[in-house]
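Work through the exercises below with the sequence and the 3D structure at hand. Try each task before reading its solution.

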Amino acid sequence: MLCLTCKNLSFEIICKDCQNNLLIPSFHKREIEDGFFNYSFYTLSELEDLISSKYYFHGDRVFNILAKLSFAKFAKNFIFTSQILAIPIDDHTRHDFSHTAILAKHLKSQFITPKYNCLKATNIVKYAGKDLEFRQKNPRKFEITNISNQMTILCDDLITTGATIKQAKKALEKKNNQVLFSLTLADAKL
């Protein structure tokens with residue numbers, strides 16, 4: 001097959017050269033609410049084509065590679081005083097996989113445990129390409145199941161305005177959960 005990024009022959013969907021030389025994560029921090037931060041590993045311009053793979057059947061392989069390069073490395077170096085749950089934002093299955101569940105899976109470590117199917121949007125609206133006003137007028141209306149009184153980290157692929165993450169955080173907090181921060185692959189404002 002051909003590598004998605006360099007188009008050279010490869011045994012993987014993204015060749016080892018591109019993984020080691022082009023997809024090197026760097027750590028970015030953005031405050032999205034007073035004292036609440038999102039951490040990301042790439043700029044949107046670095047990953048735009050790869051993130052859009054979530055809409056295609058091969059996206060699970062792309063997201064597993066990206067998560068291994070970023071989320072897994074983060075988890076390996078993350079130390080905390082108590083157990084934390086990694087919560088994927090709206091981890092519904094499309095094209096036979098959930099890209100946010102893949103990201104959360106790679107956070108599994110001594111201190112972090114992924115928890116799936118507990119933060120679901122009841123209003124299925126696509127935010128891609130929409131402005132903040134549209135996002136605020138069309139909230140996702142998250143429903144929380146099987147989680148309360150926990151320390152959590154939110155996981156998503158992309159942060160643009162921060163509206164989705166703020167809505168998810170608010171929904172978790174209504175069930176007495178503490179959201180420490182959110183992690184995304186990419187930040188659209190960088």
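Two exercises follow, on a model that is predicted.

**Exercise 1.** Determine whether Thr-184 is buried or exposed, and describe its surroundings.

Solution. 
1. Locate the residue: Thr-184 belongs to strand β8, which covers residues 178-187.
2. Apply the cut-off: buried means under 20% relative accessible area. Thr-184 has a relative accessible area of 0%, so it is buried.
3. List the surroundings, setting aside neighbours within four places in sequence: the residues in contact with Thr-184 include Tyr-39, Phe-41, Phe-71, Asp-157 and Ile-165.

**Exercise 2.** Find out how far strand β3 is enclosed, and which strands pair with β3.

Solution. 
1. Count the buried residues: in β3 (residues 84-88) five of the five are buried, so the strand is largely enclosed by the rest of the structure.
2. Recall a general point: side chains in a regular strand alternate between the two faces of the sheet.
3. Check each face: Ile-84, Ala-86 and Pro-88 are buried on one side, and Leu-85 and Ile-87 are buried on the other.
4. Take another pairing: β3 and strand β7 (residues 151-159) are parallel, with four bridges. In β7, Thr-152 is the bridge partner of Leu-85.

Technical notes
Residues numbered from 1 in each chain as written. Predicted model: local features only at pLDDT ≥ 70, side-chain atom pairs only at ≥ 80, totals over all residues. Heavy atoms only, no water. Helix = DSSP H or I, 4+ residues; strand = E, 2+ residues; numbered from the N terminus. Buried < 20%, exposed > 50% of the residue type's maximum accessible area, 1.4 Å probe, protein only. Contact = heavy atoms within 4.5 Å. Pairing = 2+ DSSP bridges.
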